Amino acid sequence: MKIRYYQDMHGRWRLAGFLLAMVSVFILSDARWFFNPTIQSVGWGAAALSGSIWVYIAAFDKDLWRTCMEVLYFCMAARGVINWMG
């Protein structure tokens, strides 16, 4: 029963985190939008939201090193939002 609940609960979050990561990579790697601060902020915001989802999942899995990696990614993405907004 525990495994079924785990898969139902986190499968959607993993999909959401993956889709947000793909959206952020698409936005941040497109040269047409590179010098637009608003679009860049949206891209880094999507990356930060994706990172926060992956931090939650890694912490729930009790994987310390993956949690640390995702916290670092979240912090750098939040820094990207701040840099492009300012």
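Leaving aside neighbours within four places in sequence, T67 touches V55, A58 and A59. That is the picture in a predicted model, and it makes a handy way into the fold. T67 itself sits in helix α3. With a relative accessibility of 15%, T67 falls under the 20% cut-off and so counts as buried. I57 is 10 residues away from T67 along the chain, and the two C-alpha atoms are separated by 8.3 Å.

Stepping back, the protein comes to 3 helices and 0 strands, running α-α-α from the N terminus on. Of its 86 residues, 26% count as buried. As for how the chain meets itself, take the contacts between residues at least 6 apart in sequence: 57% of these join residues at least 24 apart.

Now for the way α2 and α3 pack. Two packed helices are described by the angle between their axes and the distance between the axes. Here the axes of α2 and α3 come within 8 Å and cross at roughly 160°. That angle is over 145 degrees, so α2 and α3 are roughly antiparallel to each other. The crossing in which α2 passes α3 is left-handed. Sorted by class, the residues in the contact of α2 with α3 are 17 nonpolar, 7 polar and 2 charged.

Most residues other than glycine have a negative phi. K62, however, is not a glycine and has a positive phi, near 60°. As for solvent, K62 has a relative accessibility of 74%, over the 50% mark, and therefore counts as exposed.

Back in helix α2 there is V42. Its relative accessibility is 47%, which lies between 20% and 50%, so V42 counts as partly exposed. V42 and M85 are 43 residues apart in sequence, yet their C-alpha atoms are 9.8 Å apart in space.

The aromatic side chains are worth a look too. The structure holds 3 aromatic pairs. One of them joins F34 and F35, with 4.9 Å centre to centre and 85° between the planes, an edge-to-face arrangement.

Put together, ring pairs link F34, F35 and W84 into a cluster.

Definitions and conventions
Residues numbered from 1 in each chain as written. Predicted model: local features only at pLDDT ≥ 70, side-chain atom pairs only at ≥ 80, totals over all residues. Heavy atoms only, no water. Buried < 20%, exposed > 50% of the residue type's maximum accessible area, 1.4 Å probe, protein only. Axes fitted to C-alpha atoms, helices over the stretch in contact; angles between N-to-C directions. Helix = DSSP H or I, 4+ residues; strand = E, 2+ residues; numbered from the N terminus. Parallel < 35°, antiparallel > 145°, perpendicular 65-115°, else oblique. Left-handed = near helix turned anticlockwise from the far one by under 90°. Nonpolar A, V, L, I, M, F, W, Y, C, P; charged D, E, K, R; others polar. Phe/Tyr/Trp six-rings, centres within 6.5 Å; stacked < 30°, edge-to-face > 60°. Contact = heavy atoms within 4.5 Å.
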